[in-house]
Amino acid sequence: MTTTTAPTTSEASTGAPPKLLMKGNEALAEAAIRAGCLHFFGYPITPQTEVPEYLVKRLPEVGGVFVQAESEVAAVNMVFGAAGVGVKCLTSSSSPGISLMAEGMSYIAACELPCVFINIMRAGPGLGGILPAQSDYHQATRGHGHGDYQVLVLAPSSVQEAADLMLLAFELAEKYRNPVMVCADGMIGQMMEPVVFHAEGAGPPMADNDWALTGCEGRERRIVNSLYLAPEELHAHNLALKEKYDRAARDEPRWELYGATEGYDLLVVSFGTMARIVKSAIDELTDEGLRVALFRPITLNPFPYAACRDAMDALPRDGKVLDVEMSMGQLITDVKLAAAGSREIAFMGTAGGVVPTPDEVAARIREELGAG
Amino acid sequence: MGSVAIDDVRCKGCGRCIVECPRDLIGYSNELNERGYQYVVFKGEPEDCSGCALCAIACPDEGIEVWRRPDAQTFVTTTGLTERMTHYCPGCTHGVVHRITAEVLEELGLLGRAVGIAPVGCSVLAYEYFAFDMFEAAHGRAPAVATGAKRARPECIVFAYQGDGDLASIGGNEILHAANRGEKITVIFINNAVYGMTGGQMAPTTLPGQVTTTSPFGRDVADTGRPLRVSELLASLGTPAFIARGAAHDSKSAIKLKQYIKRAFEYQRDGTCFSFVEVLSTCPTNWGLSPNEATRWVEESMKPCYPVGVLKEPPSEGGET
């Protein structure tokens, strides 16, 4: 990576990457191109629609392909087809749409094809609402479709991080030959923030490989398939997938520790939009002299269990752990797994598009600390 | 001085070749082959055979090669198929359509650029039989997979091979919109009026009154609707396309079918339009008929509902449709 192009601000003339003001959805879309993705297949759904609306204009400029599919079911299968012929490809959707993509995700993971999904979560269940929520945490991390497969899940908490994780998503997709989901919510998708793209122009295409269907001229034919009728073969296939997920669990967990990291009496665990609100609350409480830290998983799958447990173990014996999420007790599943029974985990959750304010979070933390 | 070489291991004893031979030179052996089928044998003298190859053209199992003279082979096995024997039932014409598809791609010099997509259904294992790059897609989704593959690699010759449950029922939306967008892909649609792999249930294409395991008293159109005529439906779209319906149950139909499939791939090769070939295909097992009875059933029962022929052509250059 050298300098960026896009000389749209005065900083460009200094050689520093320019700072652009963008919506999260647009930043995700632009970052995909910077990652080398020139193929998008998607279906409109609020609150992610700026992703396709941005790409339909931007992709032709870089020789890319945009298809508005007839449904999320078709979109994910177009991704299957494009990934299978060895190009970097992307789809984006929001909660109910991801449900419809579940079948295709299972096939793509089973066939070990790299691709990236954006999920701009909205409130459910059912048609739910269009406001931000984190209620698809279990869906993202515990599977969407059938079978023993996993999708790697990255959760940004700012527009800048959304752009950065998009690049990582394509890198991991190719490295593991597996779908990667960038899982944000309507807040990240819709808000505007400054963003800097460190990668220049459209990124590189997918590396040469020995699996993509490109026509068998001059080589042995290839098959992209998830059918294994012999149980022993299917067992072996699942073991190979597990080995891959185990490797990702070992090598890819990412997280952030924020606040009174040198010593804290309460640890909040939170991610995405909720985590940045928690950060504001912590800043407020730090000024009051309270010692509070935030553990923010950036990879929701693989979840950084060991790091989360270490962060809990750094608490004093009577220290508290508070799980804060915009859902009804989903993230807390992993927090409890990290704690492995070593501590009680307090829970604060909202649903339906209700986003807690920093003051509400701060009040709850004070209450937990008996400092109200 | 023609001759035929019958592979008695590949032969499933469906007897189509026996019916096809104009000189009655093929008959059943008194033996069973190693797979338990009563295979066929050439019963004439070499001078009796004209080398017309109708037997081989009708054979669903790539079991026959034919020579007009010792130095002039009239029917050669295509290199577009693997040597693997298919799992299809005796008399099922999936094998005929596989062979024709592979022959066409070979004759057009497109095998090295081909990317096929197998469906879910009886032909789910088509990737074992086609000797080029293949996907296996989810039930009904092959046109969407084909769209993604073709848009990403326009230089590839991308085709979906789908049955009637896959394409006309669960995949109705995908085929409709792929056709309406005018994707430059080819779709081969096997219509045998029944779900094959799951054991003979009613399909959208099942004929009125036809008995299946889920229409045990015959298809009641008042309750389950009328047979879905996908080719007519797709031909009604405004998007330019090549839409044809052929059949695979006898040599004459197979020869015509090959012309349709060839034109379909030529249109894709030239980037002209979406191309779609429906094939009336036999399912003796689930129809409860012998292979020869099944052949007659296509003629007498299916064709009146599903007339064969070209339903739609793309506009010729500078002209109207």
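Colleague: Where in chain B does B:E62 lie?

Modeller: B:E62 lies in the loop between α2 (54-58) and β4 (64-69) of chain B. Helices here are DSSP runs of H or I with at least four residues, strands are runs of E with at least two, and both are numbered from the N terminus. This is a predicted model, in which local features need pLDDT of at least 70 and side-chain atom pairs count only at pLDDT 80 or more, while totals for chains, interfaces and linings use all residues. Residues are numbered from 1 along each chain as its sequence is written, and chains are lettered from A and ligands numbered from 1 in the order in which they are written.

Colleague: What makes B:E62 buried or exposed?

Modeller: B:E62 has 22 other C-beta atoms within 10 Å. A residue is buried at 20 or more, exposed at 12 or fewer and partly exposed in between, with C-beta atoms placed from the backbone. B:E62 is therefore buried.

Colleague: Which peptide bonds in chain A are cis?

Modeller: Among them is the bond from A:T46 to A:P47, with omega near 5°; A:P47 is in the loop between β2 and α2 (50-58) of chain A. Another joins A:N301 and A:P302, where omega is about 0°. A:P302 belongs to the loop between β13 (299-301) and α10 (305-313) of chain A. Most peptide bonds are trans.

Colleague: Which residues of α9(A) and α12(A) meet?

Modeller: From α9(A) come A:I277, A:V278, A:S280, A:A281, A:E284 and A:L285, and from α12(A) come A:P358, A:V361, A:A362 and A:I365. Contact means C-beta atoms within 7 Å, placed from the backbone. The residues of this contact divide into eight nonpolar, one polar and one charged. Nonpolar covers Ala, Val, Leu, Ile, Met, Phe, Trp, Tyr, Cys and Pro, charged covers Asp, Glu, Lys and Arg, and the others, Gly among them, count as polar.

Colleague: What makes α5(B) oblique to α7(B)?

Modeller: The axes of α5 (residues 142-152) and α7 (residues 172-181) of chain B come within 7 Å and cross at roughly 40°. That angle is why α5(B) counts as oblique to α7(B). B:P143, B:A144, B:A146 and B:T147 of α5(B) make the contact with B:E174, B:I175 and B:A178 of α7(B). By class, these residues are five nonpolar, one polar and one charged.

Colleague: How do you know that β1(B) and β4(B) pair?

Modeller: Two strands pair if DSSP finds at least two bridges between them. β1(B) and β4(B) have four bridges, in the antiparallel sense, and B:S3 stands opposite B:W67 in β4(B). The two strands belong to an open, antiparallel sheet of three strands in the order β1-β4-β5 (chain B).

Colleague: What makes β1 and β5 of chain B edge strands?

Modeller: β1 (3-6) and β5 (72-75) of chain B each pair on one side only. The twist of the sheet averages 30° from one strand to the next.

Colleague: How do you know that β9(A) pairs with β7(B)?

Modeller: β9(A) and β7 (residues 133-136) of chain B share two bridges in the parallel sense. A:V224 has B:F135 as its bridge partner in β7(B).

Colleague: How many residues of chain A and chain B are in contact?

Modeller: 32 residues of chain A are in contact with 28 residues of chain B. The elements of chain A that give two or more residues to this side are β2 (39-42), β3 (65-68), α3 (72-84), α4 (95-110) and β9 (223-224). α3(A) gives the largest share, eight residues. The side of chain A that touches chain B has 17 nonpolar, ten polar and five charged residues.

Note on methods. Two residues are in contact if their C-beta atoms, placed from the backbone, lie within 7 Å. Axes are lines fitted to C-alpha atoms, for helices over the stretch in contact, and angles run from 0 to 180 degrees between N-to-C directions. Angles under 35 degrees count as roughly parallel, over 145 as roughly antiparallel, 65 to 115 as roughly perpendicular and the rest as oblique.
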